[in-house]
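Thanks, everyone, for making the time this morning. I would like to walk through one model with you, taking the core to begin with, then the sheet, and finally the surroundings of a ligand.

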Amino acid sequence: SRRLLLLLGDQLDLSHPALQQLDRQRDHILLAELHQEASYVPHNKLKIALIFSAMRHFAAELREQGFYLYYYDYVETKDNWASFSQLLNHQLNLHDYAQLWLIEPGEYRLQAQYKHWQGNLPLPVQQFPSHNFIFSRTQMHQWFAAHPQPRMEHFYQWARQQTGLLMESGRPIGGKYNFDKQNRRPWSPTEQVPTPRAFRSDKLTQEVLHLVSQEFSDNPGKLEHFNYAVCREQALLALDDFIQNRLAKFGDYQDALADNQPAVFHSLLSVYINLGLLSPLDVCQQAQQAYQQGHAPLNAVEGFIRQILGWREYVRGLYWFMGEDYAQGNYLQAERALPDWFWHAKVQMRCMQQAIGNSLHRAYAHHIQRLMVIGNFCLLAGLDVRSVCTWYLAVYVDAFEWVELPNTLGMALYADGGILASKPYAASGNYLHKMGNHCQHCPYSPKQTTGLRACPYNALYWQFIDTHQQAFAAHPRMALMVAQWQKKSHSEQNAIRDWAGKLLTNLDRL
Ligand code: FAD
Ligand code: DLZ
């Protein structure tokens, strides 16, 4: 009665109950680098390399712990078994398994395959809940079902009460749940950001880097930037580095844009949490401890915990609650093709050039770059929703559909019509100018709206308001902008429309 447990590349967690319940003498584990998974979008080379390296390091740990593991590497699988179904058929022929064990996958694409196996494979299939989140899918479903007009803030308050994080006698520490107003400082160029801890590649990683450079040479990404933690032990060091050296200022500069500072005071931890190397609750508890010990102020620690306990759990709950059709949303009918520079970063707008450059070459951009630089531009220019989502899913090291889709389609593009975001995150060049120091290195001026030197965000912003006047006129938080547009003279409106039209037909040349 031998069992087979299939693990995915983002289920690298030794403490998962399925692993605890396996009989190490008898049961088998299957972990595989597969063409199907490495090619559903043109993943960044750094992302593939990190996932393969983390899988190989995890495999070594499993073997050390006495588990019986079948590990299939990419070179072995690519010509023989491109998909999980093919590989499973092969594996099931090797041994007489009594049960197949699975752990809830992170996306509909794989869930459909898992469902198909139940009933179509010649053995019983049992599925375990994911261990990568604080709340279960059932808990999240119940929360959404009970809140017909869901808002992250309400969920977050509930989540604080459930976990007791930053709570004292049933009340939020500091007298309120949210210190966001203290977390909007623009960048101060005199600020020194401690260099995040980097990890040297060992032999396993070097082999993977070689493999990726050979097999995925056309994908985005520069492998020379590979300096990730590749196992839990290193991920814990990365967490410690953030808590010791950057957390204290995370809050102040959470929304800041800084020229030539890829990470500012952000944690760089998303990928480790998403892969199962760090537990989201542990990360929150460590941040809480830093507050309790006086190492970091409340606005930083609350802001950081809100991202994980609040946003991360919330978007994952929403992804599953909304169903597969959520991905088809295109509320503002955005269908314009992506400019080519999304794939090579040769663009003059300084904020964009840095945000896209980091995304492509380093597989990372911080939240405000993803939302207010790139996402905002996609929203204003009406770029095709499906293509934008594919781009986000491809380029970032931490990108998995359960988190990428709600953030891109819902938060950045407003393509769900306001389910995730209470208003479109639309902003002109003035916002970007206020939050950072890119503009002083940019050929465009945030003070001009039309003309060759005008920051493209400005005219695009007004044409966005113009185009969607009807949709926004009754929106409590957008009506003011519509009124401002309508107050402009006809000649000013026409000049802006004209210029915006020129920009939109020449996006490739910005
Ligand atoms: P920090 O700023 O240090 O934040 C701490 C942690 O909070 C992160 O590590 C992450 O686990 C969590 N977090 C913060 N914001 C969010 C959020 N909005 N949703 C979910 N978790 C959050 N995050 C991903 O993990 N994968 C994605 O594919 C992804 N795509 C995004 C696409 C768009 C358009 C936007 C606007 C955001 C996206 N995010 C995504 C959320 C967020 O931008 C990243 O989690 C964050 O930038 C990762 O960097 P960090 O670890 O330094 O985060
Ligand atoms: C993203 C990714 C990549 C690039 N490669 C693999 C792989 O070879 N094997 C694997 O099991 N998983 C991989 N993954 C992650 C999955 O594609 C998928 O996104 C997550 O497992 C969803 O939960």
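**Core, sheet and ligand shell**

What you see here is a predicted model, and its largest nonpolar core has 156 residues, with Ala54, Leu247, Tyr272, Ala287 and Leu413 having the most contacts inside it. Helix α3, spanning residues 45–64, contributes the largest share of this core, namely eleven residues. If we take Ala54 and set aside its neighbours within four places in sequence, we find it in contact with Leu12, Val230, Cys231, Leu275 and Leu277. As a general remark, nonpolar side chains tend to be buried together in soluble globular proteins.

Let me turn to the sheet, which is open and built from five strands in the order β3-β2-β1-β4-β5, with parallel pairing. At the edges stand β3 (68–72) and β5 (125–128), each of which has a single partner strand, so one side of each is left without a neighbour in the sheet. From one strand to the next, the twist averages 25 degrees.

Finally, which residues come nearest to ligand 2? Among the 16 residues around it, these are Leu8, Gly9, Glu33, Glu37 and Gly106. By class, this shell comprises nine nonpolar, three polar and four charged residues, and both α2 (35–38) and α3 supply at least two residues each.

Methods. Residues numbered from 1 in each chain as written. Chains lettered and ligands numbered in written order. Predicted model: local features only at pLDDT ≥ 70, side-chain atom pairs only at ≥ 80, totals over all residues. Core = buried A, V, L, I, M, F, W, Y, C linked by C-beta atoms within 7 Å. Buried ≥ 20, exposed ≤ 12 C-beta atoms within 10 Å, placed from the backbone. Helix = DSSP H or I, 4+ residues; strand = E, 2+ residues; numbered from the N terminus. Contact = placed C-beta atoms within 7 Å. Near = placed C-beta within 6 Å. Nonpolar A, V, L, I, M, F, W, Y, C, P; charged D, E, K, R; others polar. Pairing = 2+ DSSP bridges. Axes fitted to C-alpha atoms, helices over the stretch in contact; angles between N-to-C directions.
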